[in-house]
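Q: Can you walk me through this model? I'd like to go piece by piece.

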Amino acid sequence: MIVISQPLLPKRFALLRLRNYRQTAEAIRTMIVRGAGTIGATAGYGMAQAFLEGADLDAAYRLLLETRPTAVDLKHAIDRVRACRTAREAVREAERIAEEYVARGASIARVGLSLIKPGTRVLTHCNAGWLALVDWGSAPAPIYLAHRRGRKVFVWVDETRPRCQGASLTSWEFMQEGVPHTIIADNAAGFYMRRGEVDLCLVGADRIAINGDVANKIGTYTKAVLAKENGIPFYVAAPTSTIDPHCRNGDAIPIEERDEDEIHYIGGQRISPRGARAANPAFDVTPARYITGIITERGILNPTQLGRQWTR
Ligand code: MRU
């Protein structure tokens, strides 16, 4: 399997060959591939590789499952491929999953387009674009469609510490597409909201509990609370594969804790005193009451009514 090596962006666009399911699991764990949908699609292929290798399927399943605990698309994909009977079926199922992300992203673009009026200034967090969801993406998908149709749109891109997916990946995608945007430090979002320079917040999701609570990249919750305080609509965009019917609420969503060195070091340089400790939760949960709507390939869902509106 060949993937884009995301940590090299925006400096260099390079492809990486993952030769077996163990390499695939490692690429997911170390965030060479990242973003909920891309993690799902890649893990699906990883499970298919295990079939092709004649490996112990249960061991491969467990290894892949443990790479990233929060993004439920991973489990969704490996469950589907694990249920196949032959390697041929497994490869076909993995291909189907990847193709579904492309189709769902395109639908999310169409469904969310009505929210992007001419001149809309959007604020987004992390990266939920081409790189994160195979081709279109989720949150940026309506922005891409609006821009391609000639509608004027501007985006505030949160830098998204500590891994800086906004500054390095979302901005890189927007540069390729020609979408006008400005990167801001995470702490600057409230400043622009209060000045009336943000019309809409649009973010992705890694797991959506059935009560409408949403786990997304750390810092999302803060933006949602600020948006409510400032009367700004706050939308989440995600394919329905990100809805976890087994999660009753946000408290049941496992939150990945990553290595503290992601906080201590920037660009290889230590920025904190030796011996200081750091905490590094990779995601947070935004309660449903802060979310105006969830843009899915099936339409815009009301987060507080999700349990009633949604069936797989
Ligand atoms: O830790 P990452 O980079 O894999 O984070 C996932 C994300 O990119 C975001 O949380 C995103 O908003 C949802 S991914 C479609």
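**Contacts and core**

Q: What is P287 in contact with, leaving aside its neighbours within four places in sequence?
A: P287 is in contact with D213 and Y221. Keep in mind that this is a predicted model.

Q: Where is P287 placed?
A: P287 is in the loop between β13 (283–286) and β14 (293–296).

Q: Is P287 buried or exposed, and why?
A: P287 is buried, because its relative accessible area is 17% and buried means under 20%.

Q: How far apart are P287 and I2 in space?
A: C-alpha to C-alpha, P287 and I2 are 37 Å apart. In sequence, 285 residues separate P287 and I2.

Q: Switching to the core. How many residues does the largest nonpolar core have?
A: The largest nonpolar core has 29 residues. Those with the most contacts inside it are I28, M47, I78 and V81.

Q: Which helices each supply at least two residues of this core?
A: α1 (21–29), α2 (36–53), α3 (57–65), α4 (72–82) and α5 (87–112) each do. The largest share comes from α2, with seven residues.

Q: Why would residues like that sit together?
A: In soluble globular proteins, nonpolar side chains tend to be buried together.

Q: Back to M47. What is M47 in contact with, beyond four places in sequence?
A: M47 is in contact with L57, A60, Y61, L64, I78, V81 and R82, leaving aside neighbours within four places.

Q: Now the ligand. How many residues surround the ligand, and which are closest?
A: 18 residues surround the ligand. The closest are R34, R68, D206, N216 and K217.

Q: What distances do you get for D206, N216 and K217?
A: A polar side-chain atom of D206 lies 2.5 Å from a ligand oxygen atom. For N216, a side-chain N or O atom is 2.6 Å from an oxygen atom of the ligand. For K217, a polar side-chain atom lies 2.7 Å from a ligand oxygen atom.

Q: How much of the ligand does the protein bury?
A: The protein buries 100% of the 400 Å² that the ligand exposes when taken alone.

Q: Last topic, strand β6. Which residues of β6 are on each side?
A: β6 covers residues 200–203. L200 and L202 are on one side, C201 and V203 on the other, and all are buried.

Q: What joins β6 to β3?
A: Two bridges join β6 to strand β3 (residues 120–124), and the strands run parallel. V122 stands opposite L200 in β6.

Q: And how many bridges join β6 to β9?
A: Three bridges join β6 to strand β9 (residues 234–237), and these strands also run parallel. C201 stands opposite F234 in β9.

Terms used. Residues are numbered from 1 along each chain as its sequence is written. This is a predicted model: local features need pLDDT of at least 70, side-chain atom pairs count only at pLDDT 80 or more; totals for chains, interfaces and linings use all residues. Side-chain values use heavy atoms; hydrogens and water are left out. A nonpolar core is a set of buried Ala, Val, Leu, Ile, Met, Phe, Trp, Tyr and Cys residues joined through side-chain atoms within 4.5 Å. Buried means under 20% relative accessible area, exposed over 50%, partly exposed in between (1.4 Å probe, protein chains only). Helices (H or I, at least four residues) and strands (E, at least two) are DSSP runs, numbered from the N terminus. Contact means heavy atoms within 4.5 Å. A residue is near a molecule or strand if one of its heavy atoms lies within 4 Å of it. A polar contact is a pair of N or O atoms within 3.5 Å; within protein, one must be able to donate a hydrogen and the other to accept it, and residues adjacent in sequence count only if both atoms are side-chain atoms. Accessible areas come from the Shrake-Rupley method with a 1.4 Å probe; for residues, only the protein chains shown count as cover. Two strands pair if DSSP finds at least two bridges between them.
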